Amino acid sequence: MNLVAGVDSSTQSCKVVVRDAATGALVRSGRAAHPDGTEVDPQAWWAALQVAIDQAGGLDDVEALAVGGQQHGMVALDASGEVVRDALLWNDTRSAPAARELIDELGGPQAWASAIGSVPVASLTVTKLRWLRDAEPANAARVAAVALPHDWLTWRLAGGFDALGFEGLATDRSDVSGTGYWSPFDEAYRLDLLERALGSAPALPRVLGPHDVAGRTAAGVPLGPGAGDNAAAALALGLGPGDVSVSIGTSGVVAAVADSPTADGSGLVTGFADATGRYLPLACTLNASRILDWACRLLGVDYDELSRLALSAPSGADGLVLVPYFEGERTPDRPTATASLHGMTLTSSTREHIARAAVEGLLCSLADGIDALRAVGVPVQRAFLVGGGARSEAVRRLAPGVLGLDVLVPPAGEYVADGAARQAAWVLSGGDTPPEWQLGGEPERFTGDPQPHVRERYAAARELTLERVH
């Protein structure tokens, strides 16, 4: 049996899976927590990776490895390869004013969409570099190279600066397409946009093909190019045309596979690349599983009881609507928005109604993302529901009615790490296509009648959303 390993270095934790390269069968796994917050010392990711590898029984018998990771995080390196400052993560919104500045400077949202496939928001790396230039000029002046989380971890696994210098930094199309300074139309960096943001053009990782070798560990194990978390999950699921992945984790992500790049001037759809050589247009929300966390804390229940409460209330919660923008929002782009609960009456202000409103608010927010994909011509016919939030019975059962789609729920798994492992198997095989894997059996199918009144009431409440006053 030939073994491969996949890593998911996510916002909250690091997961490692070891799988059979031919069949995808899980052999063993490990995990370790990451620090909370929107800025993190990358050394914490490296330490967590070591713990997760140890928990997974080590990598001595592994023949290839790839790393998937959270997108957009700004890892700034100095001339010695040391981290300049804590990495700003995708969910750090302090660069929202910088995003607006950059949009105006280039001539508006459509100019950016035509250049990089996306309109800058606070999540994108390019806006964080502009923030660094203006807020911490001394640190900005030290920046000699910029990487993303998965780039940095792959580089460290291959020996880092001492062994490779910056020439050893490598990334893939999927992750680099979320930086704001790489064009999916030209398949090349836009150094002019990088320099516009930071005031200089530091070294950047090489952009590799879907199954190129990024480097080798000290033991000679080949490293895959890696992938952004959403692209890695899509690779694990084997998404095809018409399929959309609806991932409910720390963020909510609606992503579909496309044969050509998109350029949505509204900014709702980001025109990313995928991990197979195609494209992965997606819409992302800042609020997802933590909406359920909030409801559990408020009601003093666990997730199973939250589902029971939600399923015992009527569709639409008798007019109670949660707009769940607890941490601002990215889709739509309202970084200083706040959450709000609308339509409270004596009838609707019960535990059951609040639980129902929380689940429906989560799903309506994701449905907005599906609408955005369709608006730019991306076909959407069925949804794959994944992520921690997909374990909620209420989410699974209410999703078809709110999303207006049949919903498939694959067996619970670490799909980002699994996608990275499948990429590692592809690197090992050297074939033209990734190996065919069937991960964990057939997905469970959920169907239901559309519930348009839920979406209509949510849309009306969404337009009443307030911005924070600083």
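Trp90, Asn91, Thr93, Val121, Ala122, Ser123, Leu286, Glu329, Arg330, Asp333 and Pro335 line the second largest cavity. A cavity here is a set of points on a 1 Å grid over the protein atoms alone where a 1.4 Å probe fits but cannot get out, and lining residues have an atom within 4 Å of a point. This is a predicted model: local features need pLDDT of at least 70, side-chain atom pairs count only at pLDDT 80 or more, and totals for chains, interfaces and linings use all residues. Residues are numbered from 1 along each chain as its sequence is written, and side-chain values use heavy atoms, with hydrogens and water left out.

The volume of the second largest cavity is about 60 Å³. That is the space filled by probe spheres set on the points, with grid points joined across faces, edges and corners.

Now the largest cavity. It holds about 70 Å³. Its lining includes Gly316, Cys364 and Tyr458. The whole structure has six cavities of 30 Å³ or more.

On to Arg130. What is its relative accessible area? Arg130 comes out at 2%, so it is buried (under 20% relative accessible area, with a 1.4 Å probe and protein chains only). The Arg130 side chain makes a polar contact with the side chain of Glu101, at 3.2 Å. Such a contact is a pair of N or O atoms within 3.5 Å; within protein, one must be able to donate a hydrogen and the other to accept it, and residues adjacent in sequence count only if both atoms are side-chain atoms. The Arg130 side chain also reaches the backbone oxygen of Ala197, at 3.3 Å.

Key. Buried < 20%, exposed > 50% of the residue type's maximum accessible area, 1.4 Å probe, protein only. 1 Å grid on protein atoms, 1.4 Å probe; cavity = no way out; pocket = protein on both sides within 12 Å on 5 of 7 lines; lining within 4 Å.
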